[in-house]
Amino acid sequence: MFQRCGATVRAGVVIATLAVAAVAPARTAMPRAKDVWNRIDGSGFEIVGDADAALMREVAIRFGRLRAVVPGVFGVEDPDAGRPVQVFVLSRPKTFRPYAAGRARDVSGMFVRGGGARYLVIDASPPLDPHAILAHEYVHYVLDESAPPLPLWFDEGLAEMFSTFRADPLRAEIGLPNPRQQQLLASAGPIADAKFFAIDASSPEYLGGALKELYHAQAWAIVHAAIVGSGAGLPALAGFLGRVREGQDPGAAFEAEFGAPAATFARRSARYAAREPWATVPVALDRSAVDEHPEVREMSRAETLARLG
């Protein structure tokens with residue numbers, strides 16, 4: 001499961017060391033002399049990591065396609081304009097864990113802000129899917145940059161919906177099925193409305209425990225059903241976010257754009273997740289917005305140490 005450090009900040013808990021940890025984690029995270037670190041300087045982002053060149057290149061291409069789609073469908077400006085986001089792609093658990101010091105053991109990705117910089121830190125060790133993790137964290141990042149605090153279930157549900165994002169040079173597809181989430185809802189059933197909507201970033205059900213995965217699965221099904229299943233589509237998503245930015249209550253904004261209260265979608269979430277055929281949202285991709293042949297540059301030992309602090 002992915003965890004956004006920024007969520008605790010949104011909940012009002014200021015963690016002053018997060019940005020420092022993202023740039024200069026504990027000494028145990030310093031690379032070994034034999035380690036090779038690579039870097040890609042993209043348009044609006046920088047990727048640094050100990051992953052091999054092939055994976056770094058694939059991450060850059062797929063992240064570039066994601067960035068070409070998300071701000072537009074959210075109806076917001078590119079948050080990276082003039083201030084590139086920095087992405088750390090870490091291929092070994094021992095490299096990633098110091099960045100996640102103090103977090104739950106199952107954390108595999110983080111969005112961290114501080115000191116005027118923004119970082120996405122990704123555990124790319126097998127069998128994890130770094131593309132799904134990065135898509136999830138990027139959605140959190142864009143929402144954090146462009147909207148007031150949203151209900152936790154919507155924030156997490158939208159991030160989960162985009163975690164299966166797929167694209168080729170011409171076309172993207174949003175909302176592909178998530179078998180793990182579908183299986184969880186089918187076997188356990190949804191969390192009762194009163195309990196589900198009371199969960200916040202400090203709740204045990206969100207921080208860990210038996211209901212953590214089920215919470216994310218139900219949030220995913222609610223958001224997918226609202227955007228795709230209802231037929232409201234991506235214009236309603238942009239409309240909802242716009243209403244919230246203008247100060248409207250999120251509950252009222254949700255009902256206005258998606259045609260029913262969130263609780264209605266919650267009660268149908270398990271049945272919705274089992275539906276066939278599964279619907280997705282296709283989006284045209286602007287080829288000029290994505291570098292399909294990013295250059296991977298091997299960093300020197302001195303540059304790597306300087307970059308990591």
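Is Lys34 buried or exposed? Lys34 is exposed, because its relative accessible area is 65% and the cut-off for exposed is over 50%. This is a predicted model, so every value here is computed from predicted coordinates.

Start at Lys34 and look around. Lys34 sits in the loop that runs between α2 (18-23) and β1. In sequence, Lys34 and Arg301 are 267 residues apart.

Move on to β1 (38-41), and a pocket comes into view. β1 and α3 each supply at least two residues to the lining of the second largest pocket. That pocket holds about 290 Å³ of space. Its lining counts 19 residues, and the closest to the pocket centre are Ser43, Phe45, Gly64, Arg67 and Ala289. Which element gives the most to this lining? The answer is α3, with seven residues. Sorted by class, the lining of the second largest pocket has nine nonpolar residues, five polar ones and five charged ones.

A pair of aromatic rings is described by two things, the distance of the centres and the angle of the planes. The whole structure has 20 aromatic pairs. In one of them, the rings of Phe63 and Tyr138 have centres 5.2 Å apart and planes at 90°, so this pair is edge-to-face. Phe63 and Tyr138 are both buried.

Now compare a second pair. The rings of Phe254 and Phe258 have their centres 4.8 Å apart, with planes at 50°, so the pair is tilted. An angle under 30 degrees would count as stacked and one over 60 as edge-to-face, so 50° falls into the remaining class. Why are Phe254 and Phe258 separated by about one helical turn? Because they are four residues apart in helix α12 (residues 250-258). Phe254 is buried, since its relative accessible area is 2% and buried means under 20%. Phe258 is buried too, with a relative accessible area of 5%.

Phe254 and Phe258 belong to one aromatic cluster.

Ser125 is buried, with a relative accessible area of 5%. What joins the side chains of Ser125 and Asp123? A polar contact of 2.7 Å does. Beyond its neighbours within four places in sequence, Ser125 is in contact with Leu90, Ser91, Arg92 and Pro93.

Leu176 is found between β7 (171-174) and α7 (179-188). Which residues does Leu176 contact, leaving aside its neighbours within four places in sequence? They are Thr164, Arg166, Trp278 and Thr280. The C-alpha atoms of Leu176 and Ala279 are separated by 7.6 Å, while the two residues are 103 residues apart along the chain.

Methods:
Residues numbered from 1 in each chain as written. Predicted model: local features only at pLDDT ≥ 70, side-chain atom pairs only at ≥ 80, totals over all residues. Heavy atoms only, no water. Phe/Tyr/Trp six-rings, centres within 6.5 Å; stacked < 30°, edge-to-face > 60°. Buried < 20%, exposed > 50% of the residue type's maximum accessible area, 1.4 Å probe, protein only. Polar contact = N/O pair within 3.5 Å; in protein donor to acceptor, adjacent residues only side chain to side chain. Contact = heavy atoms within 4.5 Å. 1 Å grid on protein atoms, 1.4 Å probe; cavity = no way out; pocket = protein on both sides within 12 Å on 5 of 7 lines; lining within 4 Å. Points joined across faces, edges and corners; volume = space filled by probe spheres on them. Nonpolar A, V, L, I, M, F, W, Y, C, P; charged D, E, K, R; others polar.
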